[in-house]
Amino acid sequence: MIDLHTHTLFSDGELIPSELARRAKEIGYSAIAFTDHADFSNMEFIIENLLKVVGGLEKYFGLYVFAGVEITHVPPELVANAVKKAYSLGAEIVVVHGESPVEPVKKGTNKAAIEAGCDILAHPGLIEEEDAKLAAKNGVYLEISARSGHSFTNGHVYKMAKKHAAKCVLNTDTHSPHNLIDDQFAKVVLMGAGMDENEVKRTLSNAEELLERLLKRRYDEKTR
């Protein structure tokens, strides 16, 4: 299981990073990203503190761990600046909170996130065709969510992604320990979104591809 969208006590999650990573490892995770909710007010605090623990957790727990943020409810006009700032502060992955059907996210956020070149557009809701096309062009992954509520539009997200050759990844959007899932349940979520077995395999391989992107980014940063 590769899960690149989770939350800790640095936003509205229940666990500190160490416990979340340990619980993830115990159920078979190979990689996890901490992506706490951020805007311009707390971004620096989150990234600085997450970066303090990722190295030790990787070394002693034996899974890949990444420090990131989920840009959340930032006005669409400011999303590009937020994404740029997150990377400049050292975020290893940047997720943007998409237009979920269960939250009042401002229309235009999906497009702004994709144009900004974030890594993942989280739970993009009833994403429009033009935005799905743009995601494919810009290499932004569209999230299939295992989280209740956000998952209501998984089928639509995958339909748009498939039609326009955008890539999907599955994430849990974990806030509590019971939100973590194993790889078998991950397959159930993906099949529930309308995928056949080959499409499930392809989506899981997309997560591996994105993991390689993050590792290369980390290596490039260290060797500058």
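Residues are termed buried when their relative accessible area is under 20%, exposed when it is over 50% and partly exposed in between (1.4 Å probe, protein chains only). The model is predicted, so that local features need pLDDT of at least 70 and side-chain atom pairs count only at pLDDT 80 or more, while totals for chains, interfaces and linings use all residues. Residues are numbered from 1 along each chain as its sequence is written, and side-chain values use heavy atoms, with hydrogens and water left out.

Asp173, located in the loop between strand S7 (168-171) and H8, has a positive phi of about 55°; because its relative accessibility is 2%, Asp173 counts as buried. His73, in the loop between strand S3 (64-71) and helix H4 (76-88), likewise has a positive phi, near 55°, but at 38% relative accessibility His73 counts as partly exposed.

Helices H8 (residues 183-192) and H9 (residues 197-222) pack at an angle of about 120°, and their axes lie 10 Å apart. H8 is therefore oblique to H9 (angles under 35 degrees count as roughly parallel, over 145 as roughly antiparallel, 65 to 115 as roughly perpendicular and the rest as oblique). In this packing, Lys187, Leu190 and Met191 of H8 meet Val200, Thr203 and Leu204 of H9, contact being defined as heavy atoms within 4.5 Å. The contact residues comprise 4 nonpolar, 1 polar and 1 charged.Here Ala, Val, Leu, Ile, Met, Phe, Trp, Tyr, Cys and Pro count as nonpolar, Asp, Glu, Lys and Arg as charged, and the others, Gly among them, as polar. Helices (H or I, at least four residues) and strands (E, at least two) are DSSP runs numbered from the N terminus.

Conventions. Axes fitted to C-alpha atoms, helices over the stretch in contact; angles between N-to-C directions.
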